[in-house]
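User: I am new to this structure and want to learn how to read it. Can we go through some features step by step?

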Amino acid sequence: MFKRNLWKLSISFAIVLWAVWTLVPVNDQPFPDYAKSKARAKTAEFAALLKEATARNAATPATSEFVALKQIAKERKIDLSQYYPNLDLGDVKNLERKNNILLDYLLKESKGQLQLGLDLKGGVAFTLEADEKSLAALPEWQRQEKLAKAIQIISDRVNGLGVAEPLIRPIGENRIEVQLPGVNTKDNPEVVDSVKKPARLDFRIVHPSLSPQPGVDTPPGYEILSLEQEGRGGELSFEEIFVKQRPEMTGEAIEDAFARPDEYGKPEIILNFTNEGKSRFAEVTGEIAQGNERYGRLGRLAIVLDGKLYSAPTVREQINSNTAQITGSFTDREAVELSNVLNNPLDVPLQVKEQYEVGPTLATDAIASGKLAFIISTSLTVIFVFGIYLTGGLIAALGMLVNVLVTLGVMSMIGATLSMPGIAGIVLTLAMSVDSNILIFERMREELKMGKTLPAALEAGFDKAWSAILDSNVTTLAVAAIMIWLGTGPVKGFGVTLAIGIFTTMFAAVVVSKLVMEALILPGIIKRMPMVSILQNTNFDFLKVAKVSFIASWVIVIVGVAVTVYRGNAIYGIDFAGGDTVTLGYKQEIEVGTLRKAAESAGFKDASFAYQQQIGTDNKVLKATTRFDEGKALVAKLQTAFPQAGLDAVGEARIGPSVGKEIQANALWAVLASLVAIMIYVAFRFEMGYGIGAVVSTVHDVLMTIGIFVLFDRQFNAPMVAAILLIVGYSINDTIVVFDRIREELALNPNTKLRDIINRSLNLTLSRTVITGGTTLMTAITLIIVTTGEVNDIAFTLLIGVITGTFSSLFIASPVFYWWHKGDRKHVEKHQDVKPTYEWTGSSKASQ
């Protein structure tokens with residue numbers, strides 16, 4: 001057994017160790033301490049440098065020890081790499097660039113691998129203002145359109161995978177507020193520049209015969225640009241050339257851009273042209289090549305980004321290529337940032353108006369209660385599963401631990417940010433992830449009842465549960481893929497997180513849990529596997545009450561939808577609708593949790609607070625955000641409640657939604673496309689009647705959840721997008737498990753009526769349905785009782801979704817399948833009624 005599974009054990013240990021390694025360090029370490037600990041040569045000399053940097057930081061306006069050390073090394077031309085002989089910095093010769101690469105690496109490594117969100121840790125905030133000259137001649141609708149486009153582009157730049165959780169929203173008519181979690185300008189002063197770069201790319205012709213020199217005037221239509229070049233010894237030189245002011249091509253000819261090392265290991269940026277861009281590039285290079293003989297030297301084509309000349313390669317002949325390269329003296333990070341902004345060019349110049357360090361938006365007690373809720377809910381899930389499956393429950397708990405480790409490891413690798421709602425989502429996903437183990441255990445229970453030995457029951461249980469596990473996860477993965485493909489922002493982020501969760505759940509249940517069970521059962525270490533019976537041997541006639549249940553549930557759905565439509569925009573919170581933000585001066589700081597409670601008791605349900613400190617000054621203010629036209633009333637209530645604080649409104653502005661119309665539209669399209677994908681996949685793997693049933697039940701669950709959420713007078717904010725999408729995943733997973741059993745029973749009982757087959761299948765899966773729902777319900781209820789705000793809303797949504805999903809798998813999906821086939825199994829048999837077999841599905845003698 002050990003030899004047979006050695007490769008599985010090796011891979012599993014390697015994956016778990018990798019996950020742990022990616023999560024270390026867990027917390028941020030002070031940069032001086034980390035840099036000192038990693039130095040491997042001349043450590044005393046480097047310690048003295050760090051001490052000097054600390055002193056300079058205390059005595060001068062240097063913003064951090066990181067910046068101070070960078071300044072000292074530049075002033076004295078110190079090669080910092082001498083202290084780190086173990087680090088490979090490539091063949092960078094220029095001293096300043098080499099030091100920058102080294103310090104940036106050390107700074108990055110000193111940070112915790114999983115950064116916390118704005119609600120838990122705060123970050124940096126800045127306000128960008130659109131250039132009025134570029135917008136002055138435009139009508140109002142076009143101004144708003146350009147501002148909305150700028151917001152989307154900035155979001156794409158800072159949140160490519162949708163997991164970074166920034167806050168980006170319009171303020172007034174021409175400003176954009178950006179809040180980035182886990183960032184500070186003390187260590188990263190260039191962070192704002194990378195966001196606001198317009199990324200205007202031009203291809204311009206270099207003058208074929210003239211060069212700037214004494215006595216040579218600039219030709220009409222040209223300007224002088226300087227090209228920076230790095231010599232073999234790292235020294236920088238500059239070449240001035242005449243470059244045409246009018247570009248031959250712009251960035252519109254570029255399909256996409258990405259960074260990669262060239263043949264010498266130096267970073268370069270590859271530009272992929274559109275079809276029109278390729279044709280135009282061939283024309284331009286052809287014109288240059290034709291002039292080579294006329295002027296007696298090779299012509300050049302300048303590549304200019306935001307007014308800076310990056311390269312001016314020579315052109316020997318016409319280039320009819322799909323790609324071009326930008327080469328220059330930049331670091332790997334600069335190359336990646338350049339390619340990023342080239343993929344998302346701004347057409348409106350932006351100027352920084354304000355920069356603030358932002359404190360956490362959640363109060364200390366709220367964070368503490370949230371952590372406690374997560375610990376309690378996860379513990380309850382483990383206790384619940386252990387109470388039913390005993391030894392199997394402990395194995396499932398081990399699988400959960402592996403699942404969460406690998407999930408966090410992957411999220412760390414892709415640069416995800418953990419917010420309180422995000423953590424809640426992981427906890428709820430963990431509660432649902434035990435479903436695969438429950439499916440296996442329930443199948444083992446059935447095999448043991450048939451008199452099989454424990455090793456035989458183990459093999460047969462995994463074998464028979466495999467098709468349900470595979471189909472349910474593949475269907476959910478298809479939903480995740482569509483979210484990633486069509487979604488933006490939080491929708492795309494949810495798709496990424498869901499896809500990660502699917503793979504880690506499969507790995508934990510099908511690989512790790514099975515390995516542990518085989519290690520314990522096959523050698524005879526465990527001879528019995530007792531399980532507590534829940535809803536075994538039931539014989540409910542579900543289809544008898546199907547019509548009544550179907551009609552009653554859809555009446556509730558219709559009422560919920562009607563109320564939602566009637567309330568209109570009132571169902572949306574600030575994230576969707578926008579609101580007012582008031583800037584307050586104060587004499588005494590009041591904890592944000594206390595402010596939030598006071599606001600809620602006064603009727604301001606959606607109010608939020610954060611302290612901000614203007615960068616470079618001691619000026620600290622309180623920002624209060626509430627719904628439209630409630631700002632002044634909120635301030636008045638707070639002034640009455642906290643007279644000692646000396647709250648004074650010094651500014652007020654209207655903010656737009658952080659979840660814009662494009663994100664909302666993409667979310668809707670993603671859900672619709674997911675429903676089509678579900679129907680196609682289920683119809684292909686099962687049969688069309690199953691596909692119709694799956695789609696109807698999923699639509700039912702989403703609408704029911706939204707309707708009940710609105711009926712309870714709750715409001716939709718950004719995290720609710722992910723919560724609703726999670727309902728789609730849970731609903732289809734529950735339905736597929738039931739359908740897989742119906743398909744199997746049809747094959748095993750060829751003479752049984754379709755009605756009896758469906759009722760039998762629902763009864764056989766009832767125990768698994770209740771236990772899986774129970775684990776998630778306990779988690780959701782715990783979060784509802786202990787937490788507040790967005791986490792409470794997410795938990796409430798999942799509570800409704802789980803109850804609705806369980807109901808629909810019993811009384812919506814299966815009855816629709818039954819009615820689609822008019823209650824006749826022969827109608828099913830004309831299509832597909834036999835469970836498919838897989839080439840990779842093995843069997844053993846023990847299971848035969």
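User: Let us start with contacts. Leaving aside neighbours within four places in sequence, which residues is S81 in contact with?

Analyst: Keep in mind that this is a predicted model. Contact here means heavy atoms within 4.5 Å. With neighbours within four places in sequence left aside, S81 touches L89, K98, N99 and L102.

User: Where is S81 found?

Analyst: S81 sits in the loop between α4 (65-76) and α5 (95-110).

User: Is S81 buried or exposed?

Analyst: Look at relative accessibility. Buried means under 20%. S81 has 16%, so S81 counts as buried.

User: Next, backbone angles. Which phi does K42 have?

Analyst: K42 is not a glycine, yet its phi is positive, about 50°. K42 lies in the loop between α2 (31-38) and α3 (43-59). Its relative accessibility is 49%, so K42 counts as partly exposed.

User: And what about the phi of D629?

Analyst: D629 is not a glycine either, and it has a positive phi of about 65°. D629 belongs to the loop between β19 (620-626) and α20 (631-641). Exposed means over 50%. D629 has a relative accessible area of 62%, so it is exposed.

User: Now helices. At what angle do α25 and α26 pack?

Analyst: Read the angle and the distance between the axes. Helix α25 (residues 766-786) and helix α26 (residues 789-811) pack at about 165°, and their axes are 8 Å apart. That angle makes α25 roughly antiparallel to α26. The crossing of α25 past α26 is left-handed.

User: Which residues of α25 and α26 meet?

Analyst: On the α25 side, they are L766, T769, G773, T776, L777, A780, I781, L783 and I784. On the α26 side, they are N792, A795, F796, L799, V802, I803, T806, S809 and L810. By class, this contact of α25 with α26 has 12 nonpolar, six polar and no charged residues.

User: How are α23 and α26 arranged?

Analyst: α23 and α26 pack at about 20°, with axes 9 Å apart. Angles under 35 degrees count as roughly parallel. α23 and α26 are therefore roughly parallel to each other. α23 passes α26 in a right-handed crossing.

User: What classes of residue make up the contact of α23 with α26?

Analyst: Begin with the residues. Those of α23 include P719, M720, A723, Y730 and D734. They meet residues of α26, among them E790, D793, I794, G801 and S808. By class, the contact of α23 with α26 divides into 11 nonpolar, eight polar and three charged residues.

User: Last, aromatic rings. How many aromatic pairs does the structure hold?

Analyst: A pair of aromatic rings is described by the distance of the centres and the angle of the planes. The structure holds 21 aromatic pairs. Take Y690 and F739. Their ring centres are 5.1 Å apart and their planes are at 70°, so the pair is edge-to-face.

User: Which parts of the chain does that pair link?

Analyst: It links distant parts. Y690 is in helix α22 (residues 688-711) and F739 is in helix α23 (residues 718-748), 49 residues apart. Both Y690 and F739 are buried.

User: Which residues do ring pairs link into a cluster?

Analyst: They are F540, F542, F807 and F811.

Key
Residues are numbered from 1 along each chain as its sequence is written. This is a predicted model: local features need pLDDT of at least 70, side-chain atom pairs count only at pLDDT 80 or more; totals for chains, interfaces and linings use all residues. Side-chain values use heavy atoms; hydrogens and water are left out. Axes are lines fitted to C-alpha atoms, for helices over the stretch in contact, and angles run from 0 to 180 degrees between N-to-C directions. Helices (H or I, at least four residues) and strands (E, at least two) are DSSP runs, numbered from the N terminus. Angles under 35 degrees count as roughly parallel, over 145 as roughly antiparallel, 65 to 115 as roughly perpendicular and the rest as oblique. A crossing is left-handed if the near helix is turned anticlockwise from the far one by less than a right angle, and right-handed if clockwise. Ala, Val, Leu, Ile, Met, Phe, Trp, Tyr, Cys and Pro count as nonpolar, Asp, Glu, Lys and Arg as charged, and the others, Gly among them, as polar. Rings of Phe, Tyr and Trp (its six-membered ring) pair if their centres lie within 6.5 Å; planes under 30 degrees apart count as stacked, over 60 as edge-to-face and the rest as tilted. Buried means under 20% relative accessible area, exposed over 50%, partly exposed in between (1.4 Å probe, protein chains only).
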